[in-house]
Each structure stands twice: as C-alpha cells, then as structure tokens.
Amino acid sequence: MASAMVNRGGSRIIKSVSAALGTRFYAKVATGTDIVSAAPNVSLQKARTWDEGLASKFSTTTLKDIFKDKKVVIFGLPGAYTGVCSNKHVPPYKENIDKFKAKGIDSVICVAINDPYTMNAWAEKLQAKDAIEFYGDFDGSFHKSLELVTDLSGALLGTRSERWSAYVVDGKVKVLNVEEAPSDVKVSGADTILGQI
C-alpha cells in the first residue's frame, strides 16, 4: 500500500487503511506539490452535452489552463448521482460560492471519474453549473496520477476518486483534505476549506 502525508482537518498523518468496500490509498500529492507537474500530460473534460463535445471535437482542458495564475478550490468525489455526493458534498459548495469569491477564489471545481456528459447532466440536475465548474476525469488518469483513487467495487462502482478537497494557488497545493471513508464529508466539505483559505 502507498502512504503519503495528508492534511486531515489541520493535522498531518501518515496512514493507510483497508476500508470495508475495498483497499484505499493515501495521496502522493501533498501540501506544496505542483499539481500540474504531479499529473503531467493529463487533461480534464469540462462538463458538456454530447453535441457540445462533438462541436469541440471532444476537446479537453489542460491542468495548466485550469490552475495557472489562479486561486482554485477543487474537490473530488466518488461519482455523479451518488447519494452523499449529491446531497451532502456539492450543495454546500454551491451555497457558499459568494464566500469563496469574496476570498479571491477564481473558480470552484468539482471533479469525478465520470464522463463529461454525465457530469453535465448531474450539474444541471443539481442546478449548480452556474456556481461550480464540473469536470470529468473519464479514465481516472488525473486521480491515478495523484494517487487519489479508491476501489469501490463492493458498491459496484469500481475504481473511483477519493472524497477530497484542495486549495491550489498557481498550481501549488496549499491545503489538501482527504476523507477517511468515501461516505464521510468531515474534512472535504465547503465549510472546512473556507476556513483554511
């Protein structure tokens, strides 16, 4: 199992855990990491309809374009349309968007190992697309590069993103919060990271 230093509600620990739903690994990314360098040649897919994807020739967005010269809050979650993600994780980010903007945050981003079309439909269902930027990591390459993946085969989800949040300034991770279990929203929620900016 991989181990790495991770912030958990302000404390730094080194730990690896076997969760009931599968094996979980702690991220190799940590405070001070250049997220663009940690995931070289990786791009994300902005949430969009199929027709928009076709019109853009299925374009992707580089991490440099997402993070360069910007203050970004990014949070990852196991999947679109899942219960905790839909009911507890995304809504507080949407509800607090004005507080993020008041702290100088350029964008609040939600990312999951899903295709951009599913992310788009989900964002529209949550009525959050005007506040939050949604991106798909369709093959998991972003999360795998950062070692922010967990095996949720026990819940019929397969390889998925950890539940996490980060404050990133010009590509450098200033704060990283990773949940102990994918069903938790204890350290990766909007209120926690607002207090860390």
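## Buried residues and nonpolar cores

With a relative accessibility of 0%, His143 counts as buried. The structure described here is a predicted model. His143 belongs to helix α7, which covers residues 141–145. Leaving aside residues up to four places away in sequence, His143 is in contact with Gly76, Val111, Ala112, Ile113, Asp137, Leu148, Val149, Ser161 and Trp164.

The unreviewed UniProt entry lists Cys85 under "active site". In the model, Cys85 lies in helix α4 and is buried, with a relative accessible area of 0%. Beyond residues up to four places away in sequence, Cys85 touches Leu77, Pro78, Gly79, Val90, Pro91, Trp122 and Arg163.

| Residue | Relative accessible area | Class |
|---|---|---|
| Cys85 | 0% | buried |
| Cys110 | 0% | buried |
| His143 | 0% | buried |

The cysteines can also be examined for bonding. A disulfide requires two cysteine sulfur atoms within 2.5 Å. For Cys85, the closest cysteine sulfur is that of Cys110, at 7.7 Å, so the two are too far apart for a bond.

The nonpolar interior is described next. In soluble globular proteins, nonpolar side chains tend to be buried together. In this model, the largest nonpolar core contains 26 residues, and Val90, Trp122 and Phe134 are those with the most contacts inside it. At least two residues of this core come from each of β7 (71–76), α4 (83–95), α5 (97–102), β8 (107–112), α6 (116–125) and α8 (190–196). A second, separate core has 23 residues, including Leu63, Phe67, Val111 and Val168.

Not counting residues up to four places away in sequence, Val90 touches Phe75, Leu77, Cys85, Cys110, Trp122, Leu126, Ala128, Ile132 and Phe134. Both Cys85 and Cys110 are therefore among the contacts of Val90. Val111, a member of the second core, is one of the residues that His143 touches.

Technical notes. Residues numbered from 1 in each chain as written. Predicted model: local features only at pLDDT ≥ 70, side-chain atom pairs only at ≥ 80, totals over all residues. Heavy atoms only, no water. Core = buried A, V, L, I, M, F, W, Y, C linked by side-chain atoms within 4.5 Å. Buried < 20%, exposed > 50% of the residue type's maximum accessible area, 1.4 Å probe, protein only. Helix = DSSP H or I, 4+ residues; strand = E, 2+ residues; numbered from the N terminus. Contact = heavy atoms within 4.5 Å. UniProt positions renumbered as here; feature names shortened; annotations may be inferred.
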